[in-house]
Amino acid sequence: MRTLLLKLEPVIWLLFGQGILIGTMLLTPFILVVGLLVPLGLVDPAALSYERAHAIATFWLFGVIPLGPLVLAAILVLPLWKGAHHVRSLLIDFGGGERDGAVGSLLYAIALLGSVMGIQAVVRL
């Protein structure tokens, strides 16, 4: 199992890095707007209506590129891989290296399952 994880390490690092990017560039402003600016009255709550959010999530650029669904899928999927890799690294740092193969595989399987569920939810929009 550990050999498989070592072979998949470049792919896992790619997903981890993109999860950091998405978490920093998209989720942080979202939390700022929803958690701080709307309650303070600086942003109109109507800007977060269902109709507007659905229009953004289903936006197709030039009728060809599904930009809204791609961004929404990235927001849902990539942070799962970042979290899985962080937990795996934390386990190794705290001396759990001998169980890395089993725990790493379990964490990445959970991230994969969450990714499939997130992509399925986006496709159903």
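Guide: Helices (H or I, at least four residues) and strands (E, at least two) are DSSP runs numbered from the N terminus. The model is predicted, so to speak of a local feature requires pLDDT of at least 70, and side-chain atom pairs count only at pLDDT 80 or more, while totals for chains, interfaces and linings use all residues. Residues are numbered from 1 along each chain as its sequence is written, and side-chain values use heavy atoms, with hydrogens and water left out.

Visitor: How many aromatic pairs does the structure hold?

Guide: The structure holds 2 aromatic pairs. Rings of Phe, Tyr and Trp (its six-membered ring) pair if their centres lie within 6.5 Å; planes under 30 degrees apart are stacked, over 60 edge-to-face, and the rest tilted. One of the pairs joins W13 and F16, and it is edge-to-face because the ring centres are 5.1 Å apart and the planes stand at 90 degrees.

Visitor: Where do W13 and F16 lie?

Guide: Both are in helix α2, 3 residues apart, which is about one turn of the helix.

Visitor: Is F16 buried or exposed?

Guide: F16 is buried, at a relative accessible area of 9%, whereas W13 is partly exposed, at 46%. Buried means under 20% relative accessible area, exposed over 50%, and partly exposed in between (1.4 Å probe, protein chains only).

Visitor: And the pair of W81 and Y108: stacked or edge-to-face?

Guide: W81 and Y108 are stacked, with 6.1 Å from centre to centre and 20 degrees between the planes. This pair links distant parts of the chain, as W81 belongs to helix α4 (residues 67-93) and Y108 to helix α5 (residues 100-123), 27 residues apart. W81 counts as buried at 10% relative accessibility, and Y108 is buried at 6%.

Visitor: Which other residues are buried in α5?

Guide: Besides Y108, the buried residues of α5 include D100, G101, G104, S105 and L107. In α2, the buried residues are E9, I12, F16, G19, I22 and G23.

Visitor: Changing topic, what is the volume of the second largest pocket?

Guide: The second largest pocket has about 180 Å³. On a 1 Å grid over the protein atoms alone, a pocket is an open set of points where a 1.4 Å probe fits, with protein on both sides within 12 Å along at least five of seven lines; lining residues have an atom within 4 Å of a point. Grid points are joined across faces, edges and corners, and a volume is the space filled by probe spheres set on the points.

Visitor: Which residues are closest to its centre?

Guide: Of its 12 lining residues, L5, L8, I12, Y108 and A109 are the closest to the centre. The elements giving two or more residues to this lining are α1 (2-7), α2 and α5, and α5 gives the most, with 4 residues.

Visitor: How does its lining divide by class?

Guide: The lining of the second largest pocket has 11 nonpolar residues, 1 polar and no charged. Ala, Val, Leu, Ile, Met, Phe, Trp, Tyr, Cys and Pro count as nonpolar, Asp, Glu, Lys and Arg as charged, and the others, Gly among them, as polar.

Visitor: What about the largest pocket?

Guide: The largest pocket holds about 780 Å³ of space. Its lining comprises 22 residues, with F30, A53, I56, L72 and I75 nearest the centre. At least two lining residues come from each of α2, α3 (50-57) and α4. By class, 18 of the lining residues are nonpolar, 3 polar and 1 charged.
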